[in-house]
Amino acid sequence: MKIAVEGCAHGELETIYAALENIERRDNIKVDLLICCGDFQAVRNEVDLACMAVPPKYKKMCSFYKYYSGEKTAPILTIFIGGNHEASNHLWELPFGGWVAPNIYYLGYSGVVNFGGLRIAGLSGIYKSHDYNKGHYESPPFNHDTVRSIYHVRSLDVFKLKLLMKPVDIALSHDWPKGVYHYGNLDELYRWKGFLREEIESNTLGSYAGQEVLRALQPDFWFSAHLHCRFPAQVVHSQTGKVTNFLALDKCLPRRKYLEVIDVGEPKGPLELSYDAEWLAITKSTLPLMNTEPVHTKLPYAESVIATLKPNEAVIKDVKELFDGDLKIPENFTQNVALYNPARHRKHVQVTAGTNPQTDSFCRKLKIRNPFWVTDLPGDVTSENPDEISLSDEDDDGDDTQSSDISSNVTAPLPHVEGVQRPGFLSSVCKEEQVSSENPDEIGLADDEESESQSSDFPTARAASSSTHSETRANTDLPFKENDQKTGHDSLGDKINPDSNSDTEPPPKVFKLVRRNQNMYSTTEDSDD
């Protein structure tokens with residue numbers, strides 16, 4: 001079973017699918033699942049575009065609307081989490097997850113699904129301490145503040161993931177878990193991005209929320225994006241001896257390391273997307289904790305209370321019965337907004353709050369209320385909020401002319417990404433040309449007023465030594481860097497055993513690299529891999 005992992009999509013679905021089809025054709029393989037790690041940008045029309053927190057020059061429709069309208073169909077089953085550059089009104093309609101287009105599934109604020117016998121958990125958004133303990137209070141129409149705060153991770157979503165008792169194979173987050181960089185090749189990271197040293201040495205770079213989930217779940221693999229670079233690491237959880245292989249990937253641009261394909265072995269279940277019974281039970285049990293106000297969410301701290309929220313086998317069985325024993329996620333995608341017409345320029349588009357029948361169906365099936373929607377509101381409500389987002393007329397050069405457009409409030413561009421060096425993924429196999437990106441228009445990483453650190457790509461310290469399919473295709477263990485640990489406490493809060501690397505058993509599942517992206521825009525064979 002082959003799984004492709006992609007970093008920041010930034011709406012470039014056509015390019016990503018074309019790259020995967022190129023891999024399948026050249027290597028004679030079939031990719032069964034695509035995982036995207038945020039900044040997916042599921043923009044259906046101009047209204048969605050107005051709800052994306054980016055400077056005006058980045059407000060482009062890209063290609064997702066073609067998959068929403070049915071003009072194109074995703075050739076590979078795709079799942080994704082949210083990042084910090086999303087069509088927030090679209091994802092707001094699907095807080096528990098759902099199809100954003102045929103064959104493209106969103107995991108929700110946090111979620112767990114099953115595919116081919118693997119459990120895949122995801123946490124959407126990025127971490128900001130000032131919003132972490134608040135509820136999910138944002139709803140369309142957004143103002144200048146809420147269009148950003150809506151994608152900030154909340155404590156309840158982390159709390160729910162930490163209630164999971166059964167093993168998780170793959171976990172996803174948009175930003176990196178705090179401290180994970182201590183388990184990779186820091187020397188090379190500093191070599192390319194020395195300005196990160198202060199944040200890394202003070203242990204302030206990364207997500208506290210991701211760190212909490214990583215520490216609790218200890219999955220076999222963790223994939224992230226956000227910092228627009230490729231970074232491998234191997235986290236040894238000293239208390240349990242388990243190993244989490246971490247891999248961050250770049251954004252979708254030519255000659256960037258944004259896509260990799262791994263072989264996870266023979267599937268242990270059907271190659272279809274299904275609900276996770278334990279996660280359904282947790283969603284049901286934690287609903288009373290749901291907070292939709294901008295106030296502190298009250299979470300239990302007593303272990304005795306927390307234990308009552310962790311589902312036992314009897315509770316899981318009851319949940320399965322609600323779904324008549326069939327946990328396959330229904331293919332119930334519905335177009336619920338006006339389709340985008342490239343030939344028409346819509347003026348003064350008004351953002352309204354809309355419902356999605358998938359969320360209503362999910363809540364009815366699980367026998368819970370939808371806490372994100374007031375049931376006595378009509379299906380399409382026009383707000384009179386003076387801070388609502390509207391889409392103004394735009395000149396040919398993209399400059400907005402009306403102050404009512406949310407983009408008029410964004411005066412500072414996102415931080416520029418420095419030039420990126422691209423050494424090979426497998427240093428003893430790949431001998432790739434180093435390419436620097438000097439594009440001054442590429443999207444940065446963070447909120448406009450809240451700058452996030454960015455890092456560059458760098459070579460991996462340990463290389464694989466075998467290739468079984470062909471000289472252009474490596475099939476070997478992912479070469480995650482084993483960090484030279486020091487005694488004391490690591491950045492994830494575990495006590496470090498200086499001999500843990502030599503004594504630790506390998507992860508229970510062996511993930512093998514099939515193909516990483518290289519010359520994806522070329523129709524010819526790669527010269528080396």
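S139 sits in the loop that runs between helix 5 (129-132) and helix 6 (146-149), where helices (H or I, at least four residues) and strands (E, at least two) are DSSP runs numbered from the N terminus. The model is predicted, with local features needing pLDDT of at least 70 and side-chain atom pairs counting only at pLDDT 80 or more, while totals for chains, interfaces and linings use all residues. Residues are numbered from 1 along each chain as its sequence is written, and side-chain values use heavy atoms, with hydrogens and water left out.

S139 has 32% relative accessibility and so counts as partly exposed; buried means under 20% relative accessible area, exposed over 50%, and partly exposed in between, with a 1.4 Å probe and protein chains only. Although S139 and W92 are 47 residues apart in sequence, their C-alpha atoms are 7.1 Å apart in space.

Two asparagines in loops can be described in the same terms. N45 belongs to the loop between strand 2 (33-36) and helix 2 (46-50), and its relative accessibility of 3% makes N45 buried. Leaving aside neighbours within four places in sequence, N45 is in contact (heavy atoms within 4.5 Å) with M61, V337, A338, Y340 and R346. N370 lies in the loop between helix 14 (357-366) and strand 16 (380-381) and is buried, with a relative accessible area of 18%. Not counting residues up to four places away in sequence, N370 touches T359, D360 and C363.

| Side-chain atom | Backbone atom | Distance |
|---|---|---|
| N45, polar atom | A338, oxygen | 2.8 Å |
| N370, polar atom | F372, nitrogen | 3.0 Å |
| N312, oxygen | A314, nitrogen | within 3.1 Å |

The N312 contact is at the start of helix 13 (residues 313-322), and helix 13 is followed by D324, whose phi is positive, near 55°.

Helix 13 also packs with helix 11 (residues 277-285), at an angle of about 95° and with the axes 9 Å apart; axes are lines fitted to C-alpha atoms, for helices over the stretch in contact, and angles run from 0 to 180 degrees between N-to-C directions. Helix 11 is therefore roughly perpendicular to helix 13, given that angles under 35 degrees count as roughly parallel, over 145 as roughly antiparallel, 65 to 115 as roughly perpendicular and the rest as oblique. In this contact, A277, E278, L280, A281 and K284 of helix 11 meet V315, I316, V319, K320 and L322 of helix 13.

Helix 7 (residues 155-162) and helix 10 (residues 208-217) pack at an angle of about 10°, with their axes 9 Å apart, and are therefore roughly parallel to each other. V158, L161 and K162 of helix 7 make the contact with A209, E212, V213, A216 and L217 of helix 10.

Across the whole structure, a search finds 20 aromatic pairs: rings of Phe, Tyr and Trp (its six-membered ring) pair if their centres lie within 6.5 Å, and planes under 30 degrees apart count as stacked, over 60 as edge-to-face and the rest as tilted. F221 and F223 form a tilted pair, 5.4 Å centre to centre with 50° between the planes, and both F221 and F223 are buried. Ring pairs also link F40, F64, Y68, F80, Y106 and F333 into a cluster.

Methods
Polar contact = N/O pair within 3.5 Å; in protein donor to acceptor, adjacent residues only side chain to side chain.
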